[in-house]
Amino acid sequence: MKFQTSSLRQNSFQDMNLSPVLFAALEKMSIKKPTPIQSQAIPVVMNGSDLIGIAQTGSGKTLAYALSVLTGLANKPNSRALILAPSREMAQQIYEVFLDLCKEMPVSVCLAIGGTTGSKQANQLKKNPKIIIATPGRMNDHLQTNKLLLKDVEYVVIDEADRMLDMGFAPQLKNIQATLRGNRQTLMFSASFGHNVDMIAQLFLHPKAVMIRSEQAEAPVESLKQKVLFLDRTMKNDRLLDELNATRGGVIVFTGSQESCENVGEYLKSYGFDTDLIHGGLSQGQRNRVVRAFREGEIRIMVATDLLARGLDVPHVDHVVNFDLPFQAEDFLHRIGRTARAGRNGEAITFVTPSDHRMYNKVKVYLQGAKEEQVDHSFKFIDRSKKFAKKSDAGPASKRSAGKGAPPPKKGSGKSSVNPFKKRR
Ligand code: AMP
């Protein structure tokens, strides 16, 4: 699809013709100046164009669409909006942003996501809420029983389109699109733009849609400091303790599998760290509890799988540790995007083992300027191109585990079993 470009740009919210009640909400949120994506995207949407925004994680894209959609809804009293997000956590986060913005506006907002009772949601949806924030799977389920739920939807937002497609939501998106009727304005956001995103753009967007690419859409932010540690996988647990002991603020430790997540989480708990773990194998209630506890600072360290790599917006994440590399290079960018958000400083520490050669080569582009340390002085990548690769290799990331195979915590290895941060909090 060929997109238009736009030279529209407003560097002040006051010049954007936003609904006046939104200014009070922005002030309460201490938001004063638009971010670059907001400066570019809001005028395009206010102009009535469809939009595709290729926006860096943490760039402020949620407010870019929320402010424009809420202004549109205020100007067209009979219209409604549908916001689609890939994960339940992201949908919930977007829901909270809308609630904050809507305090002074008479609009109803409904959250339609999996993991909560469908019948309660169905009743709310039947009342035609002004704004529906949903995951594609759950929205599609509701549409199977009632095709009219999206009546009068004039604004559609597809957030993290690339992630939705990675998660296999293309059929649900197509079904949702097929139930939409009448004129509408569609805004799509994606961290990357490839063939699949283009396909969904063709399906949803007007042929004259505008594309905005935030300059560093596919690069880490400058305020992020990075460090790469080359080490044997048996050294990871010990080194993790060292790194965590050297940190102060919130930390997310990313692992490559649910098993690894459990092992690392339990290992840290055994050392008395303020920590909990989150992965897709937990119930929605448990997932919500962990995210809430982390957001509210009840736990300092959250051990997670890539379930949490995208979208999570917790300002006090000062460090990200990539304990295992991800399966997809793009997830790496999203992981490190959990820190150094909205102008804050942040640090990402990445563990690389001899069996990580392939993925390391892929994520290297995101590690430019990173400080490197060879923790294992005999470190050498395993060359998988050789036919008889050594069987003792750790194997694919899915089989890696933090605790199993790694030696148990070494007593007297210099690590204190008391978490010093507990006292500081
Ligand atoms: P997002 O990319 O939408 O996840 O937003 C990332 C973070 O930036 C959120 O914590 C927002 O509250 C914050 N944010 C969004 N817009 C602005 C702004 N104009 N000024 C300061 N912070 C902002």
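In this predicted model, the axes of helices H3 and H4 come within 11 Å and cross at roughly 50 degrees. That angle makes H3 oblique to H4, because angles from 65 to 115 degrees are needed for roughly perpendicular and angles under 35 degrees for roughly parallel. The crossing of H3 and H4 is right-handed.

Now look at the residues that touch. H3 brings Lys61, Thr62, Leu63, Tyr65, Ala66, Leu67 and Leu70. H4 brings Met90, Ile94, Val97, Phe98 and Leu101. Sorted by class, this contact of H3 with H4 has 10 nonpolar, 1 polar and 1 charged residues.

Stay with H4 for a moment. Helix H4 covers residues 88–101, which is 14 residues. From its first C-alpha to its last, H4 reaches 20 Å. That is close to the 20 Å expected at 1.5 Å a residue. Which residues of H4 are buried? They are Glu89, Met90, Ala91, Gln92, Gln93, Ile94, Val97, Phe98 and Leu101. Among them, Met90, Ile94, Val97, Phe98 and Leu101 meet H3.

H3 also has a contact with H2. Helix H2 spans residues 36–46, and helix H3 spans residues 61–75. Their axes come within 9 Å and cross at roughly 25 degrees. H2 and H3 are therefore roughly parallel to each other, since the cut-off for that label is an angle under 35 degrees. The crossing of H2 and H3 is right-handed.

On the H2 side, the contact is made by Ile37, Gln38, Ala41, Ile42, Val45 and Met46. On the H3 side, it is made by Lys61, Leu63, Ala64, Leu67, Ser68 and Thr71. By class, the contact of H2 with H3 has 8 nonpolar, 3 polar and 1 charged residues. Lys61, Leu63 and Leu67 of H3 are listed here, and they also meet H4.

Helix H5 holds residues 118–126, and helix H6 holds residues 136–145. They pack at an angle of about 70 degrees, with their axes 11 Å apart. That makes H5 roughly perpendicular to H6. Gly118, Gln121, Ala122 and Leu125 of H5 make the contact with Arg138, Met139 and His142 of H6. This contact of H5 with H6 has 3 nonpolar, 3 polar and 1 charged residues.

Finish at Asn196. This residue is in helix H9, residues 195–204. Is Asn196 buried, partly exposed or exposed? At 40% relative accessibility, Asn196 counts as partly exposed, because buried means under 20% and exposed over 50%. Asn196 and Asp162 are 34 residues apart in sequence. In space, they are 7.5 Å apart, C-alpha to C-alpha.

Conventions
Residues numbered from 1 in each chain as written. Predicted model: local features only at pLDDT ≥ 70, side-chain atom pairs only at ≥ 80, totals over all residues. Heavy atoms only, no water. Helix = DSSP H or I, 4+ residues; strand = E, 2+ residues; numbered from the N terminus. Expected span 1.5 Å × (residues − 1). Buried < 20%, exposed > 50% of the residue type's maximum accessible area, 1.4 Å probe, protein only. Axes fitted to C-alpha atoms, helices over the stretch in contact; angles between N-to-C directions. Parallel < 35°, antiparallel > 145°, perpendicular 65-115°, else oblique. Left-handed = near helix turned anticlockwise from the far one by under 90°. Contact = heavy atoms within 4.5 Å. Nonpolar A, V, L, I, M, F, W, Y, C, P; charged D, E, K, R; others polar.
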